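Please look at the sequence and the structure shown here, and keep both in view while reading the paragraphs that follow.

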There are 2 protein chains.
Amino acid sequence: MLTIGQLAAYAGVTTRAVRHYHHIGLLPEPERDVSGYRSYAGPDVVRLIRIRTLAEAGVPLARVQELLAADDDAFAAAVAEIDRRLREEIKELQEHRRRIAKLAAGDSLALPPSATAYLDRMRALGTPEVMVDLERDAWILIAAQMPERIDEFMADKESQLDDPLMRQFLRLIGEIAAAEEPREDQLAQVADVLVEMAEAAAVNGALDQQDEALPDSSFAELLETVALSAGPRMVRIRDRILQLMAERGWSGLVKMERIDRADA
Amino acid sequence: MLTIGQLAAYAGVTTRAVRHYHHIGLLPEPERDVSGYRSYAGPDVVRLIRIRTLAEAGVPLARVQELLAADDDAFAAAVAEIDRRLREEIKELQEHRRRIAKLAAGDSLALPPSATAYLDRMRALGTPEVMVDLERDAWILIAAQMPERIDEFMADKESQLDDPLMRQFLRLIGEIAAAEEPREDQLAQVADVLVEMAEAAAVNGALDQQDEALPDSSFAELLETVALSAGPRMVRIRDRILQLMAERGWSGLVKMERIDRADA
DNA sequence: GCTTGACCTTGACGCAACGTCAACCCCGCA
DNA sequence: TGCGGGGTTGACGTTGCGTCAAGGTCAAGC
């Protein structure tokens, strides 16, 4: 009676969809006419319309069979379950919207507000962008690892920004970043400041806190590799500073440690 | 530094996901160690975390690259567009919920309330279930074809149910359906009633209306094939009734027509 | 040195619901 | 007889991975 195109037109679907329903056994394959065309009749149209009615209500095709054959109770139960699934999907998408709205509102990717505030303040103090980027990446790592302690860390860091030594350090770093090639005396000054900060930290116990915050050494090594990703120029400068610090009896930048006199 | 499993753990994803990101070029393939294992460092972890942050906000992976590289304006524009898409998807799902709620509320599949009311009334008048099923299927077809006229048709049909002839017809059909084998006198009575109804319809012009409602004959034929799907017993009874009607000068059940005297 | 278990490698299929070629056949019409 | 608009099967693409399969590798305990 009807070709596949006519059948599809009756139900307002594509021929591809009809063939798909045949493929998954949802609509029985009809007889073929002499030339091999599928030949449909009224009941096929009716079944196809029923299928579409369910599909357009969000019923997965895999459950349409079952629903078409179900009695009233089974139907109601299945419908209730499908509605539950729909509600869940809507909730998920709304959660997506919430997150993307936060991103649009200026939240830096993958960092809590306390951290972005800290980074903004660093920038305001003249810290070169490349250093801020490194800090950000490091804090992304830390925030992913210890999300519940990140605010505590940031409070610490913010107060450090009030330390005149830290200010001096940032200023020196800014000068070095701005210059073509860093002068040796600038690097030496940085090393001096860093060592002075380390000594102060050793006295007030901050060095022990850093051990507690970086429990396994592998995580500290991981943070090091972030620092090493800043490009060859920065790595050279960094290496030189480490060298100068070593001459002054200290090692490490991520995790500062006094060099054992026996080694020296 | 890190194996793929460790990298994945840092970002809270599966190794499969990481390999997928490599495959689609979202995360660069890292160096391999001597045994061919992928070896990751800090920047890889950071990038993976950024990817996840966007993905979990509903950004399609295909757009994550672009967003990670975008400046603030481009980022805002892309985010706005993604939010628009999310809103659309939510609306679609809500539409699904509306439809499925209607189905749960007892709406027969693919039929408007006027039609289900008519079918219910038919059933209440003792019409056998198999007949009601055929009517329903026929009206599903018609409703799909002419949705805007279905209420008008149903009003007509409802008023026909008040016709004593129609009542008699339904009672006779009920008796026939209940019996093992229909008696010839029952079938003759049905034919008599149908012919009487047809004659009345011819007088008040209802026959012309039916021509208008069934514009092309192919649609009428399609409706016939629905009637033929009721099983061999019903088809035999139907054929016999058509035969008896023909003896009385009428043809057709879906679309009744007086037989041309020249043919008889 | 051997086994064991956990982790790594590539390759490939599966899911949901079709869209979209490709290559070929069939029908009605000028 | 050619043409345009159907139909036919087959297979790949979409989205974001999950889940085998069939191995090679590593660290640890015996």
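Which residue of chain B comes closest to the rotation axis? The model to be searched for the answer is a predicted one, and in it the residue is Ile90(B), whose C-alpha atom comes to 2.9 Å from the axis. The axis itself belongs to a rotation of 180° that, with 0.0 Å of shift along it, superposes chain B on chain A with an RMSD of 0.1 Å. The two copies are therefore related as by a two-fold rotation axis. Both copies use the same surface for their contact, since 100% of the contact residues of chain B recur in chain A.

The contact between the two chains can now be followed in more detail. Chain B contributes 41 residues to it, and chain A contributes 41 residues. On the side of chain B that touches chain A, the elements that give two or more residues are α1 (4–11), α3 (42–55), α5 (72–104), α7 (129–145) and α12 (217–227) of chain B. Of these, α5(B) gives the most, with 15 residues. When the residues on this side of chain B are sorted by class, 26 are nonpolar, seven are polar and eight are charged.

We turn next to the DNA. Around DNA strand C there are 18 residues, and the closest of them are Ala17(A), Leu61(A), Thr3(B), Gly5(B) and Arg38(B), a list that draws on chain A as well as chain B. By class, the residues of the surface near DNA strand C divide into eight nonpolar, eight polar and two charged.

DNA strand D has 17 residues around it, of which Gly5(A), Arg38(A), Ala17(B), Ser35(B) and Leu61(B) come nearest. Here the elements that give two or more residues are α1 (4–11) of chain A, along with α2 (15–23) and α4 (61–69) of chain B. The largest share of the surface near DNA strand D comes from α2(B), which supplies three residues. This surface is made up of eight nonpolar, seven polar and two charged residues.

Within a single chain there is a further level of organisation to consider. Chain A is divided into domain 1 (1–68), domain 2 (70–106) and domain 3 (113–258). The centres of domain 1 and domain 2 of chain A, taken over C-alpha atoms, are separated by 28 Å. The contact between these two domains takes five residues from domain 1 and five residues from domain 2, and on the side of domain 1 that touches domain 2 there are two nonpolar, one polar and two charged residues.

Met234(A), found in helix α13 (residues 232–247) of chain A, counts as partly exposed because it has 18 C-beta neighbours inside 10 Å. The C-alpha atoms of Met234(A) and Val130(A) are separated by 9.0 Å, although the two residues are 104 residues apart along the chain.

Technical notes
Residues numbered from 1 in each chain as written. Chains lettered and ligands numbered in written order. Predicted model: local features only at pLDDT ≥ 70, side-chain atom pairs only at ≥ 80, totals over all residues. Least-squares fit on C-alpha atoms with pLDDT ≥ 70 in both. Contact = placed C-beta atoms within 7 Å. Helix = DSSP H or I, 4+ residues; strand = E, 2+ residues; numbered from the N terminus. Buried ≥ 20, exposed ≤ 12 C-beta atoms within 10 Å, placed from the backbone. Nonpolar A, V, L, I, M, F, W, Y, C, P; charged D, E, K, R; others polar. Near = placed C-beta within 6 Å. Domains from an automatic or database assignment.
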